[in-house]
Amino acid sequence: MSAPHRPISALAEQVGQTVTLKGWVYNTRYGKGLAFVEVRDGSGIVQVVVSEEEVSAEAWRAAQDATQESALEVVGTVVEDKRQTGGVEVRATDVTLVSLAEPYPITPKEHGVEFLMDRRHLWLRSRRQWAIARVRNRIIMSIHAYFQEDGFIQMDAPILTGNAVEGTSTLFELDYFDEPAYLTQSGQLHGEAMAMAHGKIYTFGPTFRAEKSKTRRHLTEFWMIEPEMAFHDLAMNMEVAEGLLQRIVRDALADCADELEILERDTSALEASTATPYPRLSYSEAVELLTSEKTQEMLRAEEADRQREKAELEEERDANAARYGQAKKGEKRRIDARRIEIDKRLAQIEEDLRNLPRWMESAASFEWGADFGGSDETVLTRHFDRPIIVHRYPAAVKAFYMKRDPEDDRLALGMDVLAPEGYGEIIGGGERATDLEFLREQVEAHGLPESAFDWYFDLRRYGSVPHAGFGLGLERTISWVCGLQHLREAIPFPRLIGRLHP
RNA sequence: GCCUCGGUAGCUCAGUGGUAGAGCAUCCGGCUGUUAACCGGACGGUCGUUGGUUCAAAUCCAACCCGGGGCGCCA
């Protein structure tokens with residue numbers, strides 16, 4: 001039986017004690033008679049110092065052999081050292097190699113997206129991916145806590161379904177004992193049935209969309225949280241959504257400070273989202289803001305900002321290039337690294353400069369009745385420092401089950417929550433129609449097969465009540481909180497068009 | 001489906017018609033405290049594929065394959 005070992009995250013409380021660590025080699029550095037081995041164990045990373053004079057020949061050999069990601073068992077003394085992250089290091093008295101790793105493909109240097117995605121199973125070990133997974137876990141727990149503490153019951157909607165909910169999205173079709181079946185694109189309709197049994201429920205499960213989207217905001221398989229509440233109207237629905245996001249951000253800021261620092265997240269940008277209320281704009285108000293001179297001014301200012309930043313970066317790049325020839329090696333590496341950064345940022349600025357005129361055009365020419373495009377949503381959110389709730393959309397652009405606004409029949413009581421900083425729609429939902437005849441008409445008008453909805457119509461026959469709910473996209477929420485550039489980092493094994501492996 | 005950018009060493013990239021390059025990784029040697037350690041050396045290439053232009057193609061042209069980003073759609 002092997003010795004009991006301690007998690008690295010607990011070492012700070014064990015200064016002066018002898019401990020046993022089990023983990024993997026994250027990085028190594030060597031001096032004469034001295035080896036520095038960074039060990040990670042899933043809970044954290046610590047530097048182990050191995051001195052040739054202080055350990056056996058076998059242990060010294062093991063430290064020399066330890067390639068990146070080799071598995072190790074280390075016995076040593078915890079020593080305070082303020083230079084280290086975590087404030088401690090371990091002075092080894094014994095090192096045993098559990099397994100020697102072959103040359104590891106993911107080095108501590110830069111890698112491209114395709115290379116890393118092909119090795120996603122290994123990439124998960126990297127510090128940044130580790131931090132994202134921990135924030136994901138924190139967010140999941142916050143969601144459960146928020147609902148559980150408020151009397152919601154977690155229930156599961158089926159993943160295999162016989163019909164498309166909204167009739168618009170492209171679904172993954174499969175063969176179900178010679179019948180066509182689909183992977184669910186939403187658990188909402190079943191959620192409504194469960195809410196009529198329990199009052200307040202939420203589902204937490206995978207969702208599938210077969211759209212051939214190639215953007216940083218789309219996955220073909222993602223996780224969605226869908227609360228559904230009986231005796232709730234649109235205003236109450238907004239309060240639930242707002243409270244949920246507030247809880248998620250508060251918990252992440254309170255409990256994931258280290259992770260967000262690893263991710264270099266600007267947490268001050270998240271602070272505003274811990275305070276409610278979040279601004280509520282009706283669709284019509286949003287259209288007014290979108291087409292306003294204020295929006296044009298904001299976008300012009302943004303364009304000028306980009307131009308200025310572009311000029312500054314180009315100047316810095318040229319200055320670096322000029323002194324590159326005489327620079328020493330270490331300096332050259334710094335310049336190279338900085339140039340990669342500058343080039344990346346410049347590419348983004350070029351893209352923004354191409355996009356901004358189109359955004360201005362799209363915003364200015366927007367006409368009441370249309371659905372917002374991605375850029376319109378982004379433009380709207382730039383006026384605010386926290387999520388905004390847009391409600392009462394034209395019925396024509398929303399799903400068949402939405403309740404109409406009693407004060408304006410052109411409108412549906414739907415709502416979208418748009419995250420700040422360009423993260424877009426993270427919540428979509430609304431108040432559901434309660435009238436059987438209205439729903440029948442809508443199903444027909446949308447060209448959907450009435451037979452598929454017989455059970456759904458029953459919910460309006462037997463005790464139909466006002467009710468509402470929404471869907472929260474987990475990965476989009478994680479991306480926002482973590483400040484990610486792409487949704488694919490927010491889930492352990494992302495499924496995208498052209499990506500089913502590993 | 002459309003638009004756009006890209007594919008050069010294991011990795012990240014430079015190389016715009018004239019003998020294929022750098023840093024890192026790997027291996028060897030050096031250095032008692034390193035933080036993407038550093039210093040010296042070695043190893044490492046059908047320049048995505050096919051065809052064309054040319055005395056000569058990584059470089060120019062065409063088609064195709066693969067990937068990034070954007071639009072539409074949406075969480």
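**A walk through the predicted model of chain A**

Phenylalanine 231 is found in the loop that joins β11 (221-230) to α6 (234-255), where helices (H or I, at least four residues) and strands (E, at least two) are DSSP runs numbered from the N terminus. The model is a predicted one, in which local features need pLDDT of at least 70, side-chain atom pairs count only at pLDDT 80 or more, and totals for chains, interfaces and linings use all residues. Residues are numbered from 1 along each chain as its sequence is written, chains are lettered from A and ligands numbered from 1 in the order in which they are written, and side-chain values use heavy atoms, with hydrogens and water left out.

Most residues other than glycine have a negative phi, and most peptide bonds are trans. Phenylalanine 231 is not a glycine, yet its phi is positive, at about 55°. With a relative accessibility of 57%, phenylalanine 231 counts as exposed; here buried means under 20% relative accessible area, exposed over 50%, and partly exposed in between (1.4 Å probe, protein chains only). Aspartate 178, also not a glycine, has a positive phi of about 75°. Aspartate 178 sits in the loop between β8 and β9 (179-183) and is exposed, at 72% relative accessibility. A cis peptide bond, with omega near 5°, leads from threonine 276 to proline 277, and proline 277 belongs to the loop between α8 (268-271) and β12 (280-282).

Stepping back to the whole chain, chain A contains 15 helices and 17 strands. Its C-alpha trace spans about 85 × 60 × 45 Å along the principal axes. Of the 502 residues in chain A, 48% are buried. Contacts (heavy atoms within 4.5 Å) between residues at least 6 apart in sequence join residues at least 24 apart in 69% of cases.

Among the helices, α12 (residues 374-381) is largely enclosed by the rest of the structure, as seven of its eight residues are buried. The buried residues in α12 are Ser375, Asp376, Glu377, Thr378, Val379, Leu380 and Thr381. Helices α13 (residues 436-445) and α14 (residues 454-461) have axes that come within 9 Å and cross at roughly 155°. That makes α13 roughly antiparallel to α14. Axes are lines fitted to C-alpha atoms, for helices over the stretch in contact, and angles run from 0 to 180 degrees between N-to-C directions; angles under 35 degrees count as roughly parallel, over 145 as roughly antiparallel, 65 to 115 as roughly perpendicular and the rest as oblique. Leu436, Leu439, Arg440 and Val443 of α13 make the contact with Tyr456, Phe457, Arg460 and Arg461 of α14.

Side chains of opposite charge can pair when their charged atoms come close. The whole structure holds 34 salt bridges, each being a side-chain nitrogen of Lys or Arg within 4 Å of a carboxyl oxygen of Asp or Glu. One of them pairs aspartate 65 with arginine 61, with the closest N and O atoms 3.2 Å apart. Both residues lie in helix α1 (residues 57-65), four residues apart, or about one turn of the helix. Aspartate 65 is partly exposed at 30% relative accessible area, and arginine 61 is partly exposed at 48%. Arginine 300 forms a salt bridge with glutamate 293 at 2.7 Å between the closest N and O atoms, and arginine 410 meets aspartate 408 at 2.9 Å, N to O. Salt bridges also link Arg138, Glu149, Arg247, Asp251 and Asp255 in a network.

Two further sites complete the tour. Valine 55, in the loop between β3 (45-51) and α1, is buried, at 11% relative accessibility. Leaving aside residues up to four places away in sequence, valine 55 touches Val50, Trp60, Ala92, Thr93 and Asp94. On the surface, Leu160, Tyr176 and Phe177 form a nonpolar patch with about 350 Å² of accessible area together. Patches are made of residues with over 30% relative accessible area and no salt bridge: like charges are joined within 9 Å, nonpolar side chains (Val, Leu, Ile, Met, Phe, Trp, Tyr) within 5 Å.

How values were computed:
Accessible areas come from the Shrake-Rupley method with a 1.4 Å probe; for residues, only the protein chains shown count as cover.
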